[in-house]
Amino acid sequence: MIELLARHSPGLPEWLTLCVVLYSIGLYGLLTRRNAIAMLMAVEIMLNAAALNFVVFDRFSTNQQADGQVMALFVIVMAAAEIVVGMAIVVALYRMRGTVDINQMNSMRG
Amino acid sequence: MSIIIPEIIVLATAFAILIADLFMNERTRVYLAPAAVAGLLLALAVMVVHTPASGALIGGRFTMDAAGWWFKILFMISALIAVLLSMDTLDGRARVRVRGMGFRGEYYSILLFSVVGMMFLVSARDLATLFVSLELATLPLFVLAAWRRDDPKSGEAGLKYVVLGALASAFIVYGFGILYGLTQSTDLETIAQRLAGERAPAFWLAAALVLAGAGFKLTIVPFHMWAADVYQGAPTPVTAYLSVGSKAAGLAFAFQVFYRIFGDALPHWDMLIAIFAALTMTLGNLVAIVQHDIKRFMAFSAISQAGYFLLGFLGAAEEGVPAMLFYLLVYIFSNLAVFACIIWFENETGKGQIEDYRGLSLSNPLMALGMTLALFSLAGIPPLSGFVGKFFLFSIASKAGFHGLVAVAAVNSTISLYYYLRVVRQMYIEPVDERVPAPGSSVSIGLSLALLSVPVAILGILPTVYEGIHAATIAWLASMPQG
């Protein structure tokens with residue numbers, strides 16, 4: 001088994017497929033979940049898929065500058081910042097309304 | 001080194017306010033807003049007097065050019081006016097107090113952080129700086145939209161904004177990742193060079209993702225759905241800043257994307273841009289007609305204005321760039337003037353429906369006049385500046401051969417005149433049936449309205465401003481990489 005895996009080590013297409021799959025899971029979760037925290041988690045998966053995308057391209061690129069790794073670090077930091085803001089808002093909303101169900105967020109109508 | 005000084009001044013002001021806030025009591029915190037104004041004025045002065053219109057720092061990752069110079073001036077002016085408009089609400093000088101609007105130190109510093117993000121955004125020449133500065137510009141806006149902790153509407157606006165904003169960021173950063181994979185570089189100039197002639201499917205995917213993200217920031221239909229709820233739910237001074245600051249940052253980001261990254265492919269996307277422009281202005285206008293809440297009404301008005309901006313991307317850059325910058329200038333002044341009246345009216349009466357403005361021309365003729373002037377400018381009535389700005393944009397679309405689109409835009413202008421006049425009609429024509437107490441006056445809001453009304457009225461008549469922008473962008477284009 002280990003030999004089989006060693007002979008078929010994943011290449012660029014496999015890694016990119018992983019990124020796309022992760023990204024799609026995140027997008028699907030964002031569109032179907034009705035819980036605000038679950039939606040933030042889905043967005044987090046999408047952002048991490050994007051960060052992984054940078055790492056993968058960096059690993060398989062011919063230049064030795066590690067730009068992609070640096071970019072992935074920035075993406076991780078910004079994703080964390082975004083989730084911090086999002087969670088703070090969710091907590092504040094929960095205190096006011098006692099629910100984080102997105103279907104009940106319809107107090108404004110045109 | 002001198003090209004980064006305005007950013008450093010604004011950033012230092014933001015941190016100084018944040019720290020000073022710790023050592024102040026409620027009574028002395030009224031000086032925080034003047035401090036923010038002073039910092040912004042100093043940065044503006046340094047920008048105008050001292051900063052050269054070209055230069056590069058940090059190995060070319062932070063550069064200055066003429067279009068960026070104009071953008072930064074516009075960002076600082078919007079922030080300056082936004083601080084002036086926020087003062088009354090935050091200091092509790094409003095007759096109808098809004099609960100939960102305190103925390104002045106945090107408010108002004110977060111506002112200034114967002115300005116710094118926008119200023120770095122136009123100077124970024126690297127995917128990393130571009131992405132981080134875009135986030136620095138938008139994250140504070142999420143916080144500001146949810147500012148009122150005891151108002152469910154404000155929290156709801158913040159939640160919708162943060163979820164959809166993060167989604168847009170995910171689109172943009174995934175698109176950037178593919179661009180990096182295609183070109184193996186994070187430098188925008190290198191990316192543009194290596195993308196020249198590239199038409200692989202991955203290129204289209206990256207372009208679609210990045211453009212969707214830019215469309216979200218600019219509120220282009222179908223990426224506009226956050227705008228109405230966020231504008232309506234956010235505290236009104238924040239809405240004022242959001243409607244101009246976020247739009248200006250969106251346009252700056254679109255400039256980076258269209259002219260720097262995809263400059264080579266832009267001429268082939270004419271049809272697509274034309275369709276998006278037509279959709280955006282038509283939908284924004286049609287929905288604005290039936291609105292009753294003035295902030296929601298302004299949200300749809302802002303969406304339709306975004307459609308007019310898109311016309312500028314249709315023609316050659318040497319005509320489109322100055323026209324878009326000029327219209328952005330006009331839009332910022334006109335929209336902030338309208339919001340000055342909305343904020344003042346809400347502070348004095350606590351009301352925000354269009355019908356509540358009934359009889360304003362009698363109780364406060366000057367405010368009603370200022371608001372009418374700004375609304376007419378947004379509708380594009382000659383000789384106000386909005387007309388001239390729209391005229392330049394329409395003529396670009398016409399020169400590019402999109403006569404049908406110009407017809408759509410002209411019809412939309414007429415529709416927009418109808419709903420802008422609805423507000424004017426309430427103020428001037430509708431009979432006053434009840435004896436409402438006359439709203440008081442406010443120094444800071446009156447001052448900002450006076451400062452805004454003058455350019456709204458005369459920018460279109462004075463040719464110097466447009467010629468200045470035009471000359472600056474010609475120099476800017478000469479410095480562009482020829483992909």
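Helix H4 of chain A (residues 67-97) packs with helix H5 of chain B (residues 127-145) at an angle of about 5 degrees, and their axes are 10 Å apart; helices here are DSSP runs of H or I with at least four residues, numbered from the N terminus, and axes are lines fitted to C-alpha atoms over the stretch in contact, with angles running from 0 to 180 degrees between N-to-C directions. That angle makes H4(A) roughly parallel to H5(B), a term that covers angles under 35 degrees. On the side of H4(A), the residues that meet H5(B) include Phe74(A), Met78(A), Val85(A) and Ile89(A), while Phe131(B), Leu139(B) and Phe142(B) are among those of H5(B), where contact means heavy atoms within 4.5 Å. The residues of this helix contact divide into 14 nonpolar, no polar and two charged, with Ala, Val, Leu, Ile, Met, Phe, Trp, Tyr, Cys and Pro counted as nonpolar, Asp, Glu, Lys and Arg as charged, and the others, Gly among them, as polar.

This is a predicted model, in which local features need pLDDT of at least 70 and side-chain atom pairs count only at pLDDT 80 or more, whereas totals for chains, interfaces and linings use all residues. Residues are numbered from 1 along each chain as its sequence is written, chains are lettered from A in the order in which they are written, and side-chain values use heavy atoms, with hydrogens and water left out.

The contact between the chains takes 42 residues from chain B and 42 residues from chain A. Together the chains bury about 3600 Å², 75% of it on carbon and sulfur atoms, buried area being the accessible area (1.4 Å probe) that two parts lose on being put together, summed over both. Leu159(B), Tyr174(B) and Tyr180(B) supply 20% of the area that chain B buries against chain A, more than any other three residues.

One salt bridge is counted between chain B and chain A, namely a side-chain nitrogen of Lys or Arg within 4 Å of a carboxyl oxygen of Asp or Glu. The side chains of Arg97(A) and Glu156(B) meet in a salt bridge, at 3.1 Å from N to O. On the side of chain B that touches chain A, two or more residues come from each of H5, helix H6 (152-183) and helix H9 (225-233), and H6(B) gives the largest share, 22 residues.

Most residues other than glycine have a negative phi, and most peptide bonds are trans. Ala66(A), in the loop between helix H3 (36-59) and H4 of chain A, has a positive phi of about 60 degrees although it is not a glycine. In chain B, a cis peptide bond joins Val221(B) and Pro222(B), with omega about 10 degrees.

Notes: Angles under 35 degrees count as roughly parallel, over 145 as roughly antiparallel, 65 to 115 as roughly perpendicular and the rest as oblique.
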